[in-house]
Amino acid sequence: MTAIQHKPVSPVAHLTPEDVEELGRLLDEIREEVVSSRGARDAEYIRKVIKTQRRLELGSRAVLLASLFPPAWVVGTIGLSIAKILENMEIGHNVMHGQWDWMRDPKIHSTTWEWDNVTPSEHWKHSHNELHHTWTNVLGKDNDLGYGIMRVDEDQPWSPALLGQPFYNFLNMLVFEYGIAAYDLELFALGKASPEKKAATWAKGKQVLRKVRKQVLRDYVLHPALSGPSFVPTLAANAVANLVRNVWTHSVIMCGHFPSGVETFTRMSIECETRGEWYLRQMLGSANITGGKFMHVMTGNLSYQIEHHLYPDLPSNRYAEVAPRVQELFERYGLTYVSGPLPKQVASAWWKVIRLSMPTKADLDKRKARKARRATGRRPAVPAQQQQQETVLEPVA
Amino acid sequence: MTITKTEAVESTSTRTRSLSRTLGRVAEALCTPLVPADYLDLVAPMRPGARRAKVVAVRPETARATTLVLRPAFRWPGHRPGEDLRLGVDVDGVRLWRSYSLTGPQRADGTLTVTVGALDGGAVSSHLQSVRAGALVEVDGPDGVFTLPDAAPAKTLFVTAGTGLTPVIGMLRTRLADLPDVVLVHSARTADDVMFAEELRDWAAQGRLRLVERHTATAGRLTAADLADLVPDVAERETWACGPNGLLDEIAAAAEAQGWTQRLHTERFRPVLVEPGTGGTVTYGRAGVTLEADGATTLLAAGEAGGVLLPSGCRMGICFQCVVPLTEGAVRDVRNGVVTTATAEDPALVQTCISAAAGPCSLDV
């Protein structure tokens, strides 16, 4: 993908500003319908998911007490992996979005939920809810685009270090929860940070270490110790469950914004963005995954990434219900609803990571120009046409 | 060194305590990031210590009032007659809390009773009318200041209307024996609408209290003038009044005029409802800032303009970083006009970046 403003033919060129505002109004209408009909049915849903997850976790951990016995190890490990995925995706991620705050239940509330992940909820809410969901797919603003370490868009500059990004991405996938913690701390941007910023990062880092200690103590010391002679198999089961969760969540999240067909935006294009334009950016900047009910729950309904980005605080069980209406709006307004089965979307995202690790001739030329510019300390004149494209918001009258 | 028997017992109990503390810490470490209670709630929601109660019996009190017999799971700390129990129930998926007067002392079997009148349009009261035995409710309390002093007054007057009788029946059931001279003036729509009627009429027949029933459907609303006629020595009596705001205001005015305000104790059983308007006085409690905000300015923007340090994030209602408790009053969601109200007994959490004042409101921030 290339930032939408740099494309020769913009996918929104056919929309007038009035179209965009009307689209925003229609999306608001769907939102209102859901908000006004939230009730016992939804509360029952999330309570059922939480109950199921906790039973599954308890049951799996109980089975693992006998993990010396291989079938018990297999069953317990599968159960624990699913329990961890459910907790992180359908429960933790969505509760922290405030999707269930309307229930006024202090136990299921964005301000109190702590998830089964080494990243403290507080850090996640800042980097994910606030930065990523507000600045979705804006180059230079949304660090989820490559997590600050990868190049996932043609408009991100290439450098030789990026040759290794398929390898980094693979490593990140294996230890994803730690990757998220490092990412939430913005560790990769620390070199350029001010002393105050560094001190703040250190303070946040200590919170992460505290959480890591608790998580590690539980998974790799206490539960194995409870298993007695099954100490080592139980430890291995916990390690595998965490690994499975890491690989799964990494894959699902890659499918959200990296597959081909998803658009990115330049920083200037979103200045003074209207509600309609914000909606439009969310529509174009996300991709869905098709599949069965179990798959949707296991992705935390992030398989409805488009609906989730339009309505991050609506209960996740409602995304499937509003999806056909949202899709109908895409069709009515001539926009592409990016969607595909999981393997296809994962492959597409991986292909992008691999492809963009290698420079094209144009990338090398740009790099040379950047170097030259840095050497002379001058900015070259931007061609008038491109300048105009940068400032004009996507809809063209 | 010789160890006396008491010391040995003490050191054993210290050891037991520290052992149970250690076990508690291990259980917590096994459950992190949840707490053991989260798992216990799955299998034993009524385990000892849980802040819940089971509804063990439901009895219609009148056509429009229901008595609930509740067994708390935790050790009830005891209560003074007249105090309230806070009940939390999920109404259409939303946890709502309301206070109800305890209508008697805790019984030998550990149960407590409250009587719930069907307030017109009251979400919780309507819900509780149809609650069934076996249901679990969240419980908190006791609290309240509408209570009798330990030293019994020589002359006592109770003025109640409708469900305003509920704290008073609690006082009478516990303390009637030590109150030498009691008058109860109670208003209800008809004779059939009088709660605890049989009990009250029995006491009256036995001469243990003077009961004045006022049936408003036929005799009209009770006024302060009526009260002076019915109870000529009203100014000499220690008076507890509970009922609709109009009645209480009138009694308070009469007490003020006749100089017996110190003897008057009132409790309002309907909160002073905030009629949602646009804009209002916003109090940022902990910051100690009070300011006027219009209906178009968000609580976040108004607070920041007034120098209050508030949490914030996206400033457009999606990230939930700005959520703070609304302790009293009404706010309106500027995106869709939906009003959220809160009272001291049922505070709500609101997003300040998309909420504007819809009347006077207080935030705990």
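**Entry 1**

I began with helix 6 of chain A, where I found A:Phe176, A:Glu177, A:Gly179, A:Ile180, A:Ala181, A:Ala182, A:Tyr183 and A:Asp184 buried, a residue being buried if 20 or more other C-beta atoms lie within 10 Å of its own, exposed if 12 or fewer, and partly exposed in between, with C-beta atoms placed from the backbone. This is a predicted model, in which local features need pLDDT of at least 70 and side-chain atom pairs count only at pLDDT 80 or more, while totals for chains, interfaces and linings use all residues. Residues are numbered from 1 along each chain as its sequence is written, and chains are lettered from A and ligands numbered from 1 in the order in which they are written. Helices (H or I, at least four residues) and strands (E, at least two) are DSSP runs, numbered from the N terminus.

I noted that 8 of the 9 residues of helix 6 are buried, which leaves this helix of chain A mostly covered. The cover over its buried residues includes helix 4, helix 5 (165-174), helix 7 and helix 8 of chain A. Just past the end of helix 6, A:Glu186 of chain A has a positive phi of about 55 degrees.

I then turned to helix 4 (residues 121-134) of chain A, in which A:His123, A:Lys125, A:His128, A:Asn129, A:His132 and A:His133 are buried. Helix 3 (70-96), helix 6 (176-184) and helix 7 (195-226) of chain A are among what covers them.

**Entry 2: chain A as a whole**

I looked up the make-up of chain A and found 15 helices and 2 strands. The C-alpha atoms fill a box of roughly 70 × 55 × 40 Å along the principal axes, and 43% of the 397 residues of chain A count as buried. Counting contacts (C-beta atoms, placed from the backbone, within 7 Å), I found that 72% of those in chain A between residues at least 6 apart in sequence join residues at least 24 apart.

**Entry 3: cores**

Which residues have the most contacts inside the largest nonpolar core? They are A:Leu280 and A:Leu310, in a core of 64 residues, where a nonpolar core is a set of buried Ala, Val, Leu, Ile, Met, Phe, Trp, Tyr and Cys residues joined through C-beta atoms within 7 Å. Several helices of chain A each supply at least two residues of this core, including helix 9 (275-284), helix 11 (305-310) and helix 12 (319-332), and helix 3 of chain A brings the largest share, 11 residues. Leaving aside neighbours within four places in sequence, A:Leu310 is in contact with A:Leu27, A:Tyr279, A:Gln282, A:Met283 and A:Val326. A second, separate core of 43 residues includes B:Val114, B:Phe158, B:Val159 and B:Trp240.

**Entry 4: where chain A meets chain B**

I found 36 residues of chain A in contact with 24 residues of chain B. On the side of chain A that touches chain B, helix 2 of chain A gives the most, with 7 residues. The residues of that side of chain A divide into 10 nonpolar, 10 polar and 16 charged; here Ala, Val, Leu, Ile, Met, Phe, Trp, Tyr, Cys and Pro count as nonpolar, Asp, Glu, Lys and Arg as charged, and the others, Gly among them, as polar.

**Entry 5: the sheet of chain B**

I traced an open sheet of 5 strands in chain B, in the order 9-8-7-10-11 and with parallel pairing; two strands pair if DSSP finds at least two bridges between them. Strand 9 (210-215) and strand 11 (264-268) of chain B stand at the edges with a single partner strand each, so one side of each has no neighbour in the sheet. The twist averages 10 degrees from one strand to the next, with axes being lines fitted to C-alpha atoms, for helices over the stretch in contact, and angles running from 0 to 180 degrees between N-to-C directions.

Strand 7 (residues 156-161) and strand 8 (residues 182-188) of chain B run parallel and are joined by 6 bridges. B:Leu157 has B:Val183 of strand 8 as its bridge partner, and B:Thr156 stands opposite B:Val182 in strand 8 of chain B. Of the 7 residues of strand 8 of chain B, 6 are buried, so this strand is largely enclosed by the rest of the structure.

**Entry 6: B:Ala235**

B:Ala235 is partly exposed, with 15 other C-beta atoms within 10 Å, and touches B:Gln258 and B:Trp260, not counting residues up to four places away in sequence.

Definitions and conventions. Contact = placed C-beta atoms within 7 Å.
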